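Subject: Structure for you to look at

Hello,

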Amino acid sequence: MGVLDGRVALVTGGAAGIGLASALALAEAGADVVIGDLNAEAGAEARERIVGLGRQSLFIATDATDEEQVAELVARTVADLGGLDLALNNVGRGELGRTVTTTTLESWNAILGLSLTSTWLACKHEIPAMVERGGGAIVNMASSAGVSPQVTASPAYAAAKAGVVHLTRYAARQYADVGVRVNAVAPGLTLTRRVEAWFDADAIAEEVADSQFVARAALPAEVAAAVVYLCSPAAAMVTGHTLPVSGGVR
Ligand SMILES: NC(=O)c1ccc[n+]([C@@H]2O[C@H](COP(=O)([O-])OP(=O)(O)OC[C@H]3O[C@@H](n4cnc5c(N)ncnc54)[C@H](O)[C@@H]3O)[C@@H](O)[C@H]2O)c1
């Protein structure tokens, strides 16, 4: 028996990185898992891996910044799997080398759209489906960059992730009385393909030594474990919280 047996979970950006690790961990804990992602090839592979764990799974090609597509993602989840109990709203992306004065309006809007607006859109359409079911649990993907100012994170990304932290608290307060818990995780540097493409081993070592007590990058599975906890009945009294998974931010 898994702690999430019989639950239906939705993961945006679940085809790679932390989202994929979380989708697999949710399935290992017993949930059926729907993946909404832009990447159809990786999404189909992720679906196969979840089915291989003995769970039902759908991949639905989705741009998480497009409201119609997000609404359709939730509607198909409910129609095909019977409801929605759990969600990880994981889509987001930073950018390298920007300061407040070198950020362009175009990149500001793009990063805010991907990292904050996508999170709000997902919550907007997931919450009514969870209320229909009598309650649920949402985990939003924040970042240590949204909790403490880290100069390697771009200002748009830091502001977007700080927005995710506050949106999480706001939604937690607004929907507690209908049984929907809303939390966030705030990973530090985590070894996904994107991070490995952006930073070499020396740059990663320098970054974590400067910013964390535990001087190593996190593994995607370590972030996924926090997501499973926040989705589980063990976290029944935890809402509005942002759980750092960052080896202790300095
Ligand atoms: N990796 C880190 O060090 C780190 C640290 C803190 C927070 N985060 C956050 O964790 C989340 C995942 O990061 P990651 O490193 O695993 O990323 P990743 O690039 O490895 O994977 C992101 C996934 O999201 C999908 N995606 C991108 N844009 C999308 C869109 N518009 N709609 C739907 N899907 C889309 C991609 O296809 C991919 O499958 C992000 O929100 C990121 O900001 C990452």
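This is a predicted model: local features need pLDDT of at least 70, side-chain atom pairs count only at pLDDT 80 or more; totals for chains, interfaces and linings use all residues.

Residues are numbered from 1 along each chain as its sequence is written, and side-chain values use heavy atoms, with hydrogens and water left out.

**The ligand**

There are 27 residues around the ligand, and Asp37, Asn90, Tyr157, Thr190 and Thr192 come nearest; a residue is near when one of its heavy atoms lies within 4 Å of the molecule. By class, this shell has 13 nonpolar, ten polar and four charged residues, where Ala, Val, Leu, Ile, Met, Phe, Trp, Tyr, Cys and Pro count as nonpolar, Asp, Glu, Lys and Arg as charged, and the others, Gly among them, as polar. Helices α1 (17-28), α5 (155-175) and α6 (193-198) each supply at least two residues of the shell, a helix being a DSSP run of H or I with at least four residues, numbered from the N terminus.

A polar side-chain atom of Asp37 lies 2.6 Å from an oxygen atom of the ligand, and a polar side-chain atom of Thr192 lies 2.8 Å from an oxygen atom of the ligand. On its own the ligand has 840 Å² of accessible area, of which the protein covers 89%, as computed by the Shrake-Rupley method with a 1.4 Å probe.

**The second largest pocket**

Among the residues that line the second largest pocket are Arg7, Asp85, Arg181 and Cys231. A pocket here is an open set of points, on a 1 Å grid over the protein atoms alone, with protein on both sides within 12 Å along at least five of seven lines, and lining residues have an atom within 4 Å of a point. The lining has five nonpolar, four polar and three charged residues.

Is Thr77 buried or exposed? Thr77, which is found in helix α3 (residues 67-81), is buried, because its relative accessible area is 0%; buried means under 20%, exposed over 50%, and partly exposed in between, with a 1.4 Å probe and protein chains only. The C-alpha atoms of Thr77 and Val8 are separated by 8.3 Å, although these residues are 69 apart along the chain.

Ala42, in helix α2 (residues 40-52), is buried as well, with a relative accessible area of 18%. Leu105, in helix α4 (residues 105-132), is exposed, because its relative accessible area is 63%.

Best wishes

Definitions and conventions:
A polar contact is a pair of N or O atoms within 3.5 Å; within protein, one must be able to donate a hydrogen and the other to accept it, and residues adjacent in sequence count only if both atoms are side-chain atoms. On a 1 Å grid over the protein atoms alone, a cavity is a set of points where a 1.4 Å probe fits but cannot get out, and a pocket is an open set with protein on both sides within 12 Å along at least five of seven lines; lining residues have an atom within 4 Å of a point.
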